[in-house]
Amino acid sequence: MATTGELSPGTRRVLVVNAGSSSLKYQLVDPDTGASDATGLVERIGLPAGRVRHTCASGTHTHETTVPDHVRAMELLRAAFAEHGPDLAEVELVAVGHRVVHGGADFSEPTVVTPAVLDAVRRLIPLAPLHNPGNLQGIEVARQVFPDVPQVAVFDTAFHQSMPPEASTYAVPRSWREQYRVRRYGFHGTSHAYVSRRVADLVGRPVEELATIVLHLGNGASATAVDGGRSVDTSMGLTPLEGLVMGTRPGDVDPGLPRHLAEVAGLAVEDYDRALSKESGLLGLTGSADMRDVGRRMEEGDPDARLAFDVVVHRLLHYVGAYAAVLGRLDVIAFTAGIGEHSPLVRAAVVERLAGFGLRLDEAANEAAHTEALISTPESSVAVWVVPTNEEYEIARQAAELVAPA
């Protein structure tokens, strides 16, 4: 986090809010530069022992307290700014930007929140039952606490609305597609949007000219093919379960698996969903959802860890190859998010396996890279970059462009 010092009166800022069912993350961001003046977390909302953590120029301040609901969480957010700074009264707060996980097919751009928008997001809860309810609560409370500030919803799915029908359509009955909105939506859109735009700056070419594959690799993981700044395919689908192997999610599995497990194990739908959401992926293969543990155990000779690592890399190669074919050419591969930014082991395994296509890894640069860094050699047919994601900046930028363009 880039932190500035004291703010001058009238400084333009966006308060970025990411509200979940039991937590509220926030960050005060300069939408023009991406600089962050404060970041914080109100956690354990609705549980007996809550906590507020606020980090600003004066340090990190932690406060244990009861947080019965999101209204109280937002009050604690304001109190943290008032006590520790920067004082929100001394900045030009142009918007409150909200992360909303699922916008369905209704939202392809950031949107000023209105009662109609709230109703639309509420109708989409069946598509994101774990995320949209908390997102909604955060928006509704922020509208009360900041009644004179525009509230802007920025959707994880919006960036992928540019996918062509052949990429977004499942080959399922028409009634499913039309009545139940069954299609591929994709997620991590703000991250993919930011990284594809940022890597264009780094290579010194207009984003409109580039064919890029962005690999967002964290506890949740997704790959996106970006052609000229537009998403044309992505690995997650109707839900965030599809695609790459993740911390606790399996990615692609056979659609016949639920019926098979119902017949041989008597597994109910709820149990199947819980297993795929919380008990699969790296956790299911090794007992740990942390790639750092997997890498350490693999180097110690653990066969389960070795298999898990190989499965992760194989799935990554599967998608990189497919998306190179979809794009028709490939200029850049960008690694981002926790694993993408901090695992030289994963990056090396992917790039070295692509040597037959002309990719060349700079081993020293790869080992050293934890911030923005080029990790391919000048001879490489494709530029390979590590680009730390900045979803808060992307949300702030989009919100400010919508309501207060510079």
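Analyst: Two terms are needed at the outset: contact means heavy atoms within 4.5 Å, and angles run from 0 to 180 degrees between N-to-C directions, with axes fitted to C-alpha atoms. The model is predicted.

In those terms, helix H11 (residues 303-327) lies across E9, strand E10 (221-227), E11 and E12. Relative to E9, H11 runs at about 155 degrees.

The strands under discussion belong to an open sheet of 6 strands, ordered E11-E10-E9-E12-E14-E13, and the pairing is mixed. At the edges stand strand E11 (230-234) and strand E13 (373-374). Each of these has a single partner strand, so one side of each is left without a neighbour in the sheet.

Within the sheet, strand E9 (residues 211-217) pairs with strand E12 (residues 332-336) in the parallel sense, over 5 bridges. In general, strands of a sheet pair through backbone hydrogen bonds, either parallel or antiparallel.

For a helix elsewhere in the chain, consider H1 (residues 70-84). Its 15 residues should span 21 Å at 1.5 Å a residue, and the end C-alpha atoms are 21 Å apart, which agrees. Buried residues in H1 are His70, Ala73, Met74, Leu76, Leu77, Ala80 and Phe81. Seen down the axis of H1, the buried residues fall within an arc of 155 degrees, so they line one face of the helix. Ala82 and Glu83, on the other side of H1, are exposed. Among the partners that the buried residues of H1 pack against are strand E1 (11-19) and helix H3 (132-145).

Conventions. Residues numbered from 1 in each chain as written. Predicted model: local features only at pLDDT ≥ 70, side-chain atom pairs only at ≥ 80, totals over all residues. Heavy atoms only, no water. Helix = DSSP H or I, 4+ residues; strand = E, 2+ residues; numbered from the N terminus. Expected span 1.5 Å × (residues − 1). Buried < 20%, exposed > 50% of the residue type's maximum accessible area, 1.4 Å probe, protein only. Arc of directions from axis to C-beta. Pairing = 2+ DSSP bridges.
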